[in-house]
Amino acid sequence: MTESFISTKDRIISTAIEIISDSGLSSLTTKTISAKANLSEPLLYRFYGDVNELLVDVVEYYFRFDKGIQKTIQSKEGSHLEKIRAYVENYAIYYENYYSLSTLMLQYEELLHNPATRELIVEGATGRRTYLTQLFRDAMDAGEIKPELLPENLTDCVYGYIHAASLKRRFGKQKRAFGKEICLFVDHMIRLISTEKNGGAL
């Protein structure tokens, strides 16, 4: 009974993510979910009282690996630049393999206007940015990167590029694999900002 509950709930969440990716947040209704997931609406209501309750789980699912990834990166040996590369690579490969989930980053604005998901989006997105900024700050403090730009600016460059790459993929303009494109950009960026002491080696 418990396994069935978990499996059905996961199916509903996955279906919701696919609908959002294909047609946008406005298309997410109990009717579209039940039709796509091949579930009756009464069964759907056993799990979620309304779409907003489901959206909370969708957003939590989107951010679910963050703490684990951060803990893995923190325990990783090597330079701070290697940790930055590994951190970005984790997300790049994950979102390359789960296309529908990656499109949620293009829905931030609408999710911020929803009272049910606003705090979760702010907390999750801010947490990611804060962590990457700290990695850049640590690299700067260790003399691995030049101090010409603030750590916050470097974080903006990375997330701005990820966002742009996500849009290009939506437009069908992505020539390289998503994960590879992000990692190539970060490698190039690291070579540009590395000090002579570090040499830009990864």
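This text walks through a predicted model, from one threonine to the cysteines and then to the aromatic rings. Local features need pLDDT of at least 70, side-chain atom pairs count only at pLDDT 80 or more, and totals for chains, interfaces and linings use all residues. Residues are numbered from 1 along each chain as its sequence is written, and side-chain values use heavy atoms, with hydrogens and water left out.

Start at Thr15. Thr15 sits in helix H1, residues 2-23. Helices here are DSSP runs of H or I with at least four residues, numbered from the N terminus. Thr15 is buried, at a relative accessible area of 7%. Buried means under 20% relative accessible area, exposed means over 50%, and partly exposed lies in between (1.4 Å probe, protein chains only). What does the side chain of Thr15 reach? It reaches the backbone oxygen of Arg11, at 2.8 Å. Beyond its neighbours within four places in sequence, Thr15 is in contact with Ile33, Lys36 and Ala37. Contact means heavy atoms within 4.5 Å.

Next, the cysteines. How many disulfides does a search of the whole structure find? The search finds 0. A disulfide is a pair of cysteine sulfur atoms within 2.5 Å. For Cys157, the closest cysteine sulfur is in Cys183, 16 Å away, so it is too far for a bond. Cys183 is in no disulfide. Cys157 is partly exposed, at 34% relative accessibility. Cys183 is buried, at 8%.

Now the rings. A pair of aromatic rings is described by the distance of the centres and the angle of the planes. The whole structure holds 10 aromatic pairs. Rings of Phe, Tyr and Trp (its six-membered ring) pair if their centres lie within 6.5 Å; planes under 30 degrees apart are stacked, over 60 edge-to-face, and the rest tilted. Take Tyr62 and Tyr95. Their centres are 5.8 Å apart and their planes are at 20 degrees, so this pair is stacked. It links distant parts of the chain, 33 residues apart: Tyr62 is in helix H4 (residues 51-62) and Tyr95 in helix H6 (residues 80-97). Tyr95 also pairs with Tyr94. Here the centres are 5.4 Å apart and the planes at 40 degrees, so the pair is tilted. Both Tyr94 and Tyr95 are buried. Tyr62 is buried too, with a relative accessible area of 3%.

Ring pairs join these tyrosines into a cluster, whose members include Phe63, Phe65 and Tyr131. Arg128 lies over the face of Tyr62, 4.8 Å from the ring centre. A charge sits over a ring if NZ of Lys or CZ of Arg is within 6 Å of the ring centre and within 35 degrees of the ring normal. Arg169 lies over the face of Phe178, at 4.1 Å from the ring centre.

Terms used: Helix = DSSP H or I, 4+ residues; strand = E, 2+ residues; numbered from the N terminus. Polar contact = N/O pair within 3.5 Å; in protein donor to acceptor, adjacent residues only side chain to side chain.
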